[in-house]
Structures are given as C-alpha cells and as structure tokens.
Amino acid sequence: MSLQQLTMNEADTARVEAVLARWPGAQRDALIPILQEVQEHCGYLPREAMLRISRHLDLPASKVFGVATFYNQFRFQAPGRHRIQVCRGTACHVKGSAAVLEALCRHLKIRPGQTTRDGMFSLEVVACIGACGLAPVIAVDGEFHAGVTPDAVAGILARCGEPEVRHA
Amino acid sequence: MPTISINEHEVEAREGETVLDACERHGVRIPTLCHLKHLTPTGACRLCVVEVEGQRALVPSCAWPVADGMKVRTHSARAIEARRVVVELLLANHPDECLYCNRNTDCDLRGLAAELGVQGRRFFGAKLERKKDAGSPAIIRDPAKCILCGRCVRVCEEVQGVGCLDFIGRGSATTVGPALDQGLNVSSCVNCGQCLLVCPTGALSEHTATPTVLAALADPERTVVVQHAPAVALTLGEEFGLKPGADVAGLLNAALRRLGFARVYETAFAADLTVMEEASELVKRLREDGPLPMFTSCSPGWIKYVEQSYPEYIPNLSTCKSPQMMLGALLKSPRAAMAGLDPGRLFSVSIMPCVAKKFEAARPELHTEGVPDVDAVLTTRELVGLLRQRGLDLARLAPEPADDPFGTRSTAGRLFAGSGGVMESALRTAHWLLTGQEPPELRVQAVRAGDGVRECRVLVAGLELGAAVVSGLGQAKALLAQVRAGRRDLHFIEVMTCPGGCLNGGGQVRAASAESLRARQQALYALDRDGALRTAHGNESIRRLYDEFLGAPLGEASHRYLHTHYAPREVVR
C-alpha cells in the first residue's frame, strides 16, 4: 500500500483537525488522550490520523502506531453499521463461546477487530459482558442474544440485514 | 566508592554503574541479548539475570545499579538455569531454519543456546508466521526470526534519531516494524544498517547482491569491474586474522582479481575527484552567496533523511554525487573506453561498508539514460563471504596496485573512511583553490574522529570559514536544529550517517568493539601521516582526468557525470 492509497474522508479529516486544535503545543504525554478523542469522533483511528498526530506531536509515526496497537481500546477500521460483541468470559467460554465466535468469523469472513467489506458488520471480542446467566451471549447493537449456538448465528445476522423500519 | 562482592571476590565498583558493567570491568562475562552499551537498559530479555543477596527473585544485571556491600552471584546454578529457560522459550516459536539462515555462523541466539547447553526441545510453541519484508533495495526484514529484544528500535531512535521501527501490538502477537506495519521501502528508514549491526538473529539483513555478482562473473559476455571503498580496506583484515586497522587495500586488489574481476579500482580515487568538485562548489557558494551552510552528500542515509524530514535544506546539499556514484558514472562514460572497456558490456560492482549504498545505486536520479551507473553493491560482509567461498586467504596474497587510469589516489581520498575525513580533505583543497598555495598544516585536528560535534574556524585568503563535523543522524538532527534556529557562522558541514563514519558503517563486519574502531581510526590517520600524496589536487591522475576528459571542476562534463539533484520525498513517518 503506497502513501497515495491512504485516504481519509473529508469529514474525518475535519474531525481530526478539530481534536488537534484543542491540543496546541502538546507533547508526547498527550498521545493517548489525543488518540482517544480522535477515536471518539471518528469511531476508529484512521491511518492518516495517526500520521497527522505524529506530526502534531513531533513523534515518529512508528511510536504512535506502537502505542495505538498496544491498547485494546483502539480500533483501526471504521465500525460497521451493526456492532457485534462476543463475550469470551469464563462462563461463556465453558458454554461454547469459542465455537460461536468461530461461526461468526466464518459467516462474516472477518476476524475480531475487523469490519466486513460492505461495511455492514464489525466484530469485537469482550472479556465479560456481565450476563453470565445467559451464556453464551452475544450483543448486536447493544441488544443481547442469549444461549447462542453456532447454528443460530446465521439467523441473527440475517435479521440484522432486514429493513430498519421493522425496529421503528 | 562502593565495594561489592562478585562470586565471593571483593571488588571496587563505580558509583551509579550497573552490576553488568561492574562485572564486565572485572572480567566476569554475563551473557546478554537485549543490552546495548550506552543506550537505555530495558531489562527485557532477562538473559543477564544474577542472584543478589537479599533479593527474592533473580535481577537483571543490565538494569540493576550497584550498592555498597552488595553480594552478587553471576553463575549460580539458579541463574544459569533461568538463562537456559529464557533461551529455550525464545527458541520455542523460532523457525528451525538455522542451516539456511544468513546468520548461520554468527547468530547470538544460536551461540547462547550452545553456550548454555540447550540440547533439545522442551517447549513446543506454534512457530511465528510473519511475512518477509523484502521490498527495500537495502534491507530485508524477516519478523519470523525476531526475538523482540528491541535493539534495532533503540539504535534507530536513540542513536540515529529516526525512529523508523517500534513494537507493534502486544503480548505474543507483538512484532517489530515500521509505522502502520508497512514495508521498509515506504517507511522513514534511511537504510543506514545500524540495526543490522545490532540484530542478534537473522531478522534484519542486507538485501544480498552476491548471486547477481557471481552470475555476472560467470557470464563470458560481460566485463565485470569492481571498486572498493576506503573503509573496506581498513576493516576487512580483521576477518582474516590481521590486526584491527591493518590496511589491506593492496591485498584486496589482488584478491578481487583472483575472484575474476577484469578491472579493480579504489573508490578513494573518486573521493579525490569528489574533493575537487566539492571544494570548488564550496568556494563558489562562498563567493556567490550560498546557499550556505553547504552539507556533504557522500552519505546516502543522510541524503534520504534530508529529503524526507528536512526538504527545505535540499538546496544546501552539495550537488556532488558520492564517490561510489562518481566512479560508477565514469566507468560507463566514454572515458572508460579510453581504458579499453566497452560500456555496453560493462557490469560495475562496488564493495561498500554500507547498506544504504545499495539504495543509492538504485536511485533513478543516479542512472544515466535508464542504465544504472553501478549495477550491484556488496557490503564488506558479503565480500567476506565471497572470499571464503573462493577459498581466498587475504593474508597469504601479495599486494597489487589498482588499475589505471583511476589507479592513483591520495590519502585525502582515503580519509573519507572516517568521520571528519571529507571535511579535512576538502579544506586542504579549498585552501589551494582560494590561495593557489598548499595549506601550512595539512592535518585539521579539530575535525578528526571524536565524540560529538567537532567544529573549527579556518582563515583562508581573508575568508573565515566555519566548519562542523557530525556523525550519527541523532547528532546531525541536533546541529540542524541550531541552523534552523538561526545559527549563521557555519559554512560547511560534514554529516556521516553512521556514528564514527564509514569505518563503523552498517555494511561492516559485525561485533566491532570500541577498541577495534579506535584502531581503525588510528590506522587511517597513520596512513595519511605517512602518505606520499596527501591532497586530491596533487593527484596526477585526477589532473589528467580533467585535462583529457572533464575540463574543469563544475564544468559541463562534470555536471553531466559527477553532479545530481534531490527532491522532497514522501514517506510514512
């Protein structure tokens, strides 16, 4: 991937500039809060945003990328329209959440932390969702699905694809 | 002064030093992997663990300061077992490719495994699967072989001030790589190769040109010529049992002819030519109002650094090509035909103490009509491999001279091997250009090898010239900050990318100690002191080249063959 292929849309560029405008003369110790604010406004950390932040802080881009990839809280792909969280806590693990995650990866053709090419779904793993009684549990756009089996995954995903009006 | 006990022996330690340093000074060697002298200790690899009385756990000696009365046991059964386990764990996910690895014979990890008696595999981890990054013309990165010691990361940031590499990700998924996990070829890497010198495994290596060179040598349709840089002749001997600093230029000429090269040249001749052009350029800039300060342009890492990080200083770079590329251009010019060479069949090889020279030779600006002026670049290390493969023992050959018409070189050209050499040689010739007389003292002690920035003021023909010499890009960055902040008293600045200059270049033989580096430097100054020909302008071959082919320095032919231009460069940084 060459530099020319890095493209951040205008709205995100404006968001990043707005965040940096709030941090004039910032030093390297401001890196994490800046990354957090950018993610808050853009939904993720666009690659160009990290390069832009490195210039703002006069830090090598490798250091910005190093810090950003160290922490689980940062995402590197735009979130999909539907956010799927898979609980990988102990109770869910015992009840087979690994197989559920595997089924989701297979259906969506992505790995945890990624977004499908059509931008419909993003997949995340969470340590414990706090609903152990419903294990294994996944959350789709914040709505919990209890006792999920690998076979049930296809149906849950299909219902997400239906017109939004149904929820209205 | 604190007194400590090392393995039941009382010794004097120094205030503030680490246990590792104290042990080393007293002849106790503790193995290390991540440690780099003079850089921030990280205590990451845990190989240097020792027992300190009163401490429950083993402590990393590289990051543990001495204290009065401390009792240290460096090689207790517990410490050795811990080290062995560390190595076994590192090997658990390491590729079992040692036989085919470029570091086959000088891998630190392999050496430690042998030293600690690792005889079998106890831990079975999934092997690291990581893609090789082979897009750079200079450096190949093979993260599967990386043990995450972080030496490259620290050298790149703390010594070179580039910071191209860092850790990416966390835990067992961690890798070391450039920003955005992109290839080195689009990164801020300047190809200096200092990381290759410190990498303990085969994770970082030069992009080898050995097969290309062997193929050319075997091709009867090709005339293969070679040039070797001045710093190569002062380091190569160490690999063949000669003392550090031994000058093997003549032996190397002989060895290269035996390898099958049709003509053998010393890059030092082209360094003389660089001096003529660069000193003339300096005089011109002094007389015609700049742009000043003028920066040297021999070191390709520095050039890339300016292009990507300080493009506003591109006009300050000397337009002179490096000696390698000057000789490369001459060898493919009509001048080479005078030497009985057919430029159409010529395959031009250079042997350099540098991996960035591979990048330099591949630059399109340094091609003539699409044809590279230098076809292949070998490092000193690759040359050692080639000589070994052909069974040539340097120490048993008789010295031979280089080929004419580029055969004679002054010791000024040879000084290019060390930091300060370009400056010293250029000042000798600038004095002659400005006054028509030889300088009263040829030696310019103030700019000779030493730590930090060296500066001097030279008064020539009523002009006061401010000169500065730095080596290591970290130092260059600091000096550049002063220039940027408005410093106006410097007219000529020599920058060498590698600390100490080419004698410590990224293409040199690994594991050079500080002592051998000093010996190389002293040998360089000794051969200049004893040299019969000590100035570029005094070199009869150079004069003949101008008379018969180039005309005058900075003339039309010079511009065509010896000068170039640079442009801002966009990289991921």
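What follows is a set of questions and answers on this predicted model.

Me: What kind of model is this, and which conventions apply?
Reply: Residues are numbered from 1 along each chain as its sequence is written, and chains are lettered from A and ligands numbered from 1 in the order in which they are written. Side-chain values use heavy atoms, without hydrogens and water, and this is a predicted model, in which local features need pLDDT of at least 70, side-chain atom pairs count only at pLDDT 80 or more, and totals for chains, interfaces and linings use all residues.

Me: How many helices and strands are there in chain A?
Reply: Helices (H or I, at least four residues) and strands (E, at least two) are DSSP runs, numbered from the N terminus. From that end, the elements of chain A run α-α-α-α-β-α-α-β-β-β-α. The totals are seven helices and four strands.

Me: What percentage of the residues of chain A counts as buried?
Reply: Buried means under 20% relative accessible area, exposed over 50%, and partly exposed in between (1.4 Å probe, protein chains only). Chain A has 168 residues. The C-alpha trace spans about 50 × 35 × 30 Å along its principal axes. The buried share is 43%.

Me: How far apart do the C-alpha centres of domain 1 and domain 2 of chain A lie?
Reply: Domain bounds come from an automatic or database domain assignment. For chain A it gives domain 1 (3-70) and domain 2 (82-167). Their C-alpha centres lie apart by 30 Å.

Me: Are helix 1 and helix 3 of chain A roughly parallel or roughly perpendicular?
Reply: Axes are lines fitted to C-alpha atoms, for helices over the stretch in contact, and angles run from 0 to 180 degrees between N-to-C directions. The axes of helix 1 (residues 10-21) and helix 3 (residues 47-57) of chain A come within 11 Å and cross at roughly 25°. Angles under 35 degrees count as roughly parallel, over 145 as roughly antiparallel, 65 to 115 as roughly perpendicular and the rest as oblique. Therefore helix 1 of chain A and helix 3 of chain A are roughly parallel.

Me: Which residues of helix 3 of chain A does helix 1 of chain A meet?
Reply: Contact means heavy atoms within 4.5 Å. Helix 1 of chain A brings A:Val16, A:Glu17 and A:Leu20. On helix 3 of chain A, they meet A:Ala49, A:Arg52, A:Ile53 and A:His56.

Me: Is A:Asp141 buried, partly exposed or exposed?
Reply: A:Asp141 sits in the loop between strand 3 (138-140) and strand 4 (143-145) of chain A. Its phi is near 50°, a positive value in a residue other than glycine. Most residues other than glycine have a negative phi. Because its relative accessibility is 42%, A:Asp141 counts as partly exposed.

Me: What is the relative accessibility of B:Asp181?
Reply: B:Asp181 lies in the loop between strand 8 (175-178) and helix 5 (194-198) of chain B. Phi is positive for B:Asp181, near 55°. B:Asp181 counts as partly exposed, at 45%.

Me: What is omega for the peptide bond that joins B:Asp404 and B:Pro405?
Reply: B:Pro405 is found in the loop between helix 14 and helix 15 (411-414) of chain B. The bond from B:Asp404 to B:Pro405 is cis. Omega is about 5°.

Me: Which loop of chain B holds B:Pro291?
Reply: The peptide bond from B:Gly290 to B:Pro291 is cis, with omega near 0°. B:Pro291 lies in the loop between helix 9 (267-287) and strand 12 (294-295).

Me: How many residues of helix 14 of chain B are buried?
Reply: Helix 14 of chain B covers residues 380-389 and is mostly covered. Its buried residues include B:Leu383, B:Val384 and B:Leu387.

Me: Are helix 9 and helix 19 of chain B roughly parallel or roughly perpendicular?
Reply: Helix 9 and helix 19 (residues 540-550) of chain B pack at an angle of about 70°, with their axes 10 Å apart. Among the residues in contact are B:Phe269 and B:Leu273 in helix 9 of chain B, and B:Ile542 and B:Leu545 in helix 19 of chain B. Therefore helix 9 of chain B and helix 19 of chain B are roughly perpendicular.

Me: What distance separates the centres of domain 1 and domain 2 of chain B?
Reply: Chain B is divided into domain 1 (3-89) and domain 2 (211-562). Taken over C-alpha atoms, their centres are separated by 42 Å.
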